[in-house]
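This report describes a predicted model. It begins with a single residue and then turns to the sheets, the core and the ligand shell.

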Amino acid sequence: MLLIEQFALSNRVGPISGKFSPGRLTLLIGPNGSGKSSLLGAMAGLYQGAGEITLQGERLSDVSTHELARYRAMLAQDTVLPHGLLGYELLALGAEPVGGVTEAVCLTLSKLAEPLGLNSLYQRQLNTLSGGEQQRLLIASTLLQVDPSVNPEGKLLLLDEPLAGLDWHHQLATLRLLREYAELGLTVVASIHDINLACQYADDIWCLHQGILAAQGPPEVITPELIAQVFEVKVRLIEQEGYRLLLAE
Ligand SMILES: Nc1ncnc2c1ncn2[C@@H]1O[C@H](COP(=O)(O)OP(=O)(O)OP(=O)(O)O)[C@@H](O)[C@H]1O
């Protein structure tokens, strides 16, 4: 369990409190600049602020970055890819913190190959790949670091806008994978901008506004009133066959 208690990061986030539990997929939504990346970075142990963030009872600030790399994987927004590498070399780099390209890594990649469309990317130069193709490799590289068969110590999977640049097919495939990793027992937290997809796939949603929590809970907490307040967008809620769709007016 990852626990946040009165965490604040200068004027970027907070104070915020809440918990993220193993086995659950939490999706962060909120306008540009509302603090999603800052919060994810703090949860990854990259930023230190006021208050406390603990993972399994241990304060993140007391854990070295080296040690943290065994417990969590983080996909950052706008990751710059190293030049001159091939697709499989990027994945091999991603496997370094968890012992290199072992048989378990190869098996995990073969499991991820179909949903993320990896097979055509292994032998490609990274600088020749489209934005979405690069993103698919980065997602695979992040997932394999905490896949239970590769890294039984993996607990926390953090992704900042994993759907950025992905076509619809791969957006849905990625969300299904995040659900699968949550079902494997990981704590999974990701930021996304598509509110309807967030409501469809999340166990819990955190809606940030100006650095603090405007709403937190199951998808039903996302109402037209909240969207109007946070995003200044007028929407209608359509509920049909168990689905909830927010449609801009
Ligand atoms: N390194 C930094 N130093 C100071 N302020 C920063 C820094 N990075 C971000 N900020 C500010 O912190 C606030 C939160 O930014 P953050 O990147 O966390 O938002 P976000 O919700 O992820 O936005 P987006 O949807 O645009 O990615 C913004 O006002 C931003 O300008």
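P224 is part of helix α8, which spans residues 224–231. With 15 other C-beta atoms within 10 Å, P224 is partly exposed, because that count falls between the limit of 12 or fewer for exposed residues and that of 20 or more for buried ones.

When neighbours within four places in sequence are left aside, the contacts of P224 are V235, R236, L237 and L246. L247 lies 23 residues away from P224 along the chain, and the C-alpha atoms of the two are separated by 9.3 Å.

## The six-stranded sheet

Six strands form an open sheet with mixed pairing, in the order β6-β7-β8-β3-β9-β10. The edges are taken by β6 (72–75) and β10 (212–217); each has a single partner strand, so one side of each is left without a neighbour in the sheet. On average, and with direction ignored, neighbouring strands of this sheet are turned by 15° against each other.

In soluble globular proteins, nonpolar side chains tend to be buried together. The largest nonpolar core of this model contains 71 residues, and L27 and A140 have the most contacts inside it. Helix α5 supplies the largest share of this core, 7 residues.

Not counting residues up to four places away in sequence, L27 touches A190, I192, A198, Y201, A202 and I205.

Strand β1 (residues 2–9) pairs with strand β2 (residues 13–20) in the antiparallel sense over 5 bridges. One of the bridge pairs joins L3 to K19 in β2. The hairpin of β1 and β2 has 3 residues between the strands, and S10 takes a positive phi near 35° there.

β1 also runs antiparallel to strand β4 (residues 50–55), to which it is joined by 5 bridges. Here, I4 has I53 of β4 as its bridge partner.

## The ligand shell

Which residues lie around the ligand? They are R12, G30, N32, G33, S34, G35, K36, S37, S38 and Q77. By class, this shell comprises 8 polar and 2 charged residues, with no nonpolar residue.

Note on methods
Residues are numbered from 1 along each chain as its sequence is written. This is a predicted model: local features need pLDDT of at least 70, side-chain atom pairs count only at pLDDT 80 or more; totals for chains, interfaces and linings use all residues. Helices (H or I, at least four residues) and strands (E, at least two) are DSSP runs, numbered from the N terminus. Two residues are in contact if their C-beta atoms, placed from the backbone, lie within 7 Å. A residue is near a molecule or strand if its C-beta atom, placed from the backbone, lies within 6 Å of it. Ala, Val, Leu, Ile, Met, Phe, Trp, Tyr, Cys and Pro count as nonpolar, Asp, Glu, Lys and Arg as charged, and the others, Gly among them, as polar. Two strands pair if DSSP finds at least two bridges between them. Axes are lines fitted to C-alpha atoms, for helices over the stretch in contact, and angles run from 0 to 180 degrees between N-to-C directions. A nonpolar core is a set of buried Ala, Val, Leu, Ile, Met, Phe, Trp, Tyr and Cys residues joined through C-beta atoms within 7 Å.
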